[in-house]
Amino acid sequence: MPDTLSLSFAALADPTRRAILARLASGEATVMELAAPFDMKQPSISKHLKVLETAGLISRRREAQTRPCKLETAPLKDVSCWIEAYKHLWDDSFDRLDAYLAEIQATATKGE
Amino acid sequence: MSTIFTITRSFAAPHDLVWKSWSAADQMQTWWGPKGCTIEVRNFEFRPGGFFHYAMRFPGGDAMWGRFMYREIAAPRRIVWLNSFSNEGGGITRAPFDMAVPLEIHNDVTLTEQAGRTVLVLKSHPHGATAEEEAVFRDMFASMEQGFGGTFDQLDEHLATL
């Protein structure tokens, strides 16, 4: 399995790339549009977009000349997914621990 | 190290009883693990550097293996360990299903007695993440404590505020 989680994190670790994703959350945008708020040349923005695209966080349309970028939320969902799952594992386990502790204490009391 | 999530639970049991439930194989087996699975203990070494190696068996499914590697044990109040999936031999593996899960998760549990009850605090975060990755975790999932459900809409909204 490719290490998509590491890829996502590496991609998200940069503030410019997070700002690009935030912009794309409100709709598709071209490289020109994405470069506008930053004090950066287009090639620098393109480099960031390449990182985001490799991590699967954005996709780019092939057909249009300007190749607009689109936010892909699935990898971000993956990132939040394990956290949710792991938290659930513990919540469920602690429910059982609670019941188990009640049970052994009831047994101990009965035996006295 | 930043904590990704904290779970606090108060148990109606004395401190030593809660500690025992973490420190013996037959007790861990009764309560720990994913919902609906049976834990089969392969190895249980409750000491720093020791392993709790187990199979998670789900009805009608293959066993998934996992392990705790204990790093710190301060009886009767603190346990620190790394949790990961493993193979049958106890070596670390990736999650056996199609979900991006960190290779190892660092856990830190503390127990304190309060008026006859025991308060447990569990703090977890991925092990081996870089400072930058940790920052991303903090930024993106700080709101989970307030019930962030990880749904698309909420994620989009949250992203928009970054």
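These exercises work through a predicted model.

**Exercise 1.** Find how many helices and strands chain B has, and the order in which they run.

*Solution.* Count the elements: chain B has four helices and eight strands. Now read from the N terminus. The order is β-α-α-β-β-β-β-β-β-β-α-α.

**Exercise 2.** State what share of chain B counts as buried, and what share of its contacts between residues at least 6 apart in sequence join residues at least 24 apart.

*Solution.* Take burial to begin with. Chain B has 162 residues, and 22% of them count as buried. Turn to contacts. Where the partners are at least 6 apart in sequence, 38% of the contacts join residues at least 24 apart.

**Exercise 3.** Explain why the buried residues of H1(B) line one face of the helix.

*Solution.* Locate the helix: H1 of chain B covers residues 15-23. Pick out its buried residues, B:Val18, B:Ser21 and B:Trp22. Look down the axis of H1(B). The buried residues fall within an arc of 95°, so they line one face. Recall the general rule: an α-helix has 3.6 residues a turn, so residues three or four places apart point the same way.

**Exercise 4.** Describe the largest nonpolar core, then the contacts of A:Leu52.

*Solution.* The core holds 15 residues. A:Leu24, A:Leu52, A:Leu57 and A:Ile58 touch the most other members. Next, see which elements build this core. Helices H1 (4-12), H2 (15-24), H3 (31-35) and H4 (42-54) and strand E2 (69-71) of chain A each supply at least two residues. Now follow A:Leu52. Leaving aside neighbours within four places in sequence, A:Leu52 contacts A:Ala11, A:Arg17, A:Ile20, A:Leu57 and A:Ile58. Finally, a second, separate core has ten residues, including B:Phe52, B:Met69, B:Ile79 and B:Trp81.

Technical notes
Residues numbered from 1 in each chain as written. Chains lettered and ligands numbered in written order. Predicted model: local features only at pLDDT ≥ 70, side-chain atom pairs only at ≥ 80, totals over all residues. Buried ≥ 20, exposed ≤ 12 C-beta atoms within 10 Å, placed from the backbone. Contact = placed C-beta atoms within 7 Å. Arc of directions from axis to C-beta. Core = buried A, V, L, I, M, F, W, Y, C linked by C-beta atoms within 7 Å.
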